[in-house]
Amino acid sequence: MKLLAIDSEEIYHEIIELSLSRKEIEIKAAFSYSEALELFESWQPDIVTLEVVVKGGSGLELVKRLKKMAGERFVPCVFLTSQSSDAVMNQCFHCGGDDFIPKPFHEILFRTRLRHHIQQVTLINELTEKNAQLTYYHRITEREHDMARQVLNHIQVHSDENTDNVRVNRRAVDSFNGDLVMVKECKAGRLLIFLGDFTGHGLQASVGALPVAQSFLDSAKLDASLPDLARRLNRVLYDVTPDYMFCAAQILSLESDGSAQLWSGGMPPLSIFADEDYVTELHSSHMPLGVLPDNEFDAEPQDFHLEQGQLILMATDGASEQLGESGSRLGTEGMQSLTSALLTESNQSDLEKLSELDRKLTASIEAFRGEQPQEDDMTFVMVRR
């Protein structure tokens, strides 16, 4: 800690030095206005003591200049003056002074008051350093989010989504949605859909999304079977990502004749709307991708049939776990109820377009949520045969 003592009388420099321990604080003396400015600029003291009357200028004006020179640094200026009237004291504080001690002053009083200012400076310096660190890490986080957003956007450019028969809805809890959806039409009109919910958000999620998306696209190009695709994705995540990272996922394969297969690991049930009043659920029967080694992984899918006009709803748990204004969570049944209610609306022609059903379902979820914050990335996929 550095103290600049500004006083035209040498005796008060000696008193200040005697009152303070050299181990605690380093002291330099300035005897004039110009010398004080020069030392303040070159030495950068942490605390200043000064008289109201300074050789070559006014102590009041000097404080204004020193505060301006300090910029964002907090540098307490303590007046030690023989002019102890209320009017002078008021001027000292008005010009930017931080304390006022009349001369002659008691050594113990001076030391106590100065240590208080030393503690202030130390605390503010620590806070400034912590703030700089937080600002740095915030910038790093923003860069990571930008990188992750670019990676996911690049991946999803290759997805055949939002067609007449498939609709994808992504709703991010933060700056972007870390869930991954890939839709690809394979040979003979076969539709392949991947919906994944990675552990974590931001860059962490995108690190897993990149190899998964590439493997999915390669497998779709080769028209690989669903079990082969599931096994390949699990192997990639298990080999590449750390132990604590995995991906809850649903993989759907739908043929043009309506025959379908589903592999589901760690996800909410897939809902099939046969009509307005009847819903079939296909529950998850596997561990998430990336948890088990290849020799323990079960790639066996569930077989089912989708009739003409029936609707499939796939969703991550960000939707089902959304808290509503009533204090209860939406749940899978809530998602099904909202969808069924829309399917029973009188104007069925509007709902034949998945885009309209998607818009209305989103509005229904928002109405359920009310003023409650969105807690997690929310993604759902609708498929109609």
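User: Which strand gives the most to the lining of the largest pocket?

Analyst: Strand 9 does, with 3 residues. It spans 180–185, and strand 17 (378–384) also supplies at least two lining residues. Both count as strands because they are DSSP runs of E with at least two residues, numbered from the N terminus. This is a predicted model, where local features need pLDDT of at least 70 and side-chain atom pairs 80 or more, while totals for chains, interfaces and linings use all residues. Residues are numbered from 1 along each chain as its sequence is written, and side-chain values use heavy atoms, leaving out hydrogens and water.

User: What makes something a pocket, rather than a cavity?

Analyst: On a 1 Å grid over the protein atoms alone, a pocket is an open set of points with protein on both sides within 12 Å along at least five of seven lines, whereas a 1.4 Å probe fits in a cavity but cannot get out. Lining residues have an atom within 4 Å of a point. The largest pocket has a volume of about 270 Å³, and 16 residues line it, with Asn165, Glu185, Gly189, Leu191 and Leu254 closest to its centre.

User: How many of its lining residues are nonpolar, polar and charged?

Analyst: The largest pocket's lining has 5 nonpolar, 4 polar and 7 charged residues.

User: What lines the second largest pocket?

Analyst: Asp46, Glu72, Arg73, Phe74, Val121, Ile124, Asn125 and Thr128 do, around about 150 Å³ of space.

User: Why is the chain said to have domains?

Analyst: Domain bounds come from an automatic or database assignment, and here that gives domain 1 (2–129) and domain 2 (158–384). Their C-alpha centres are 67 Å apart.

Terms used. Points joined across faces, edges and corners; volume = space filled by probe spheres on them. Helix = DSSP H or I, 4+ residues; strand = E, 2+ residues; numbered from the N terminus. Nonpolar A, V, L, I, M, F, W, Y, C, P; charged D, E, K, R; others polar.
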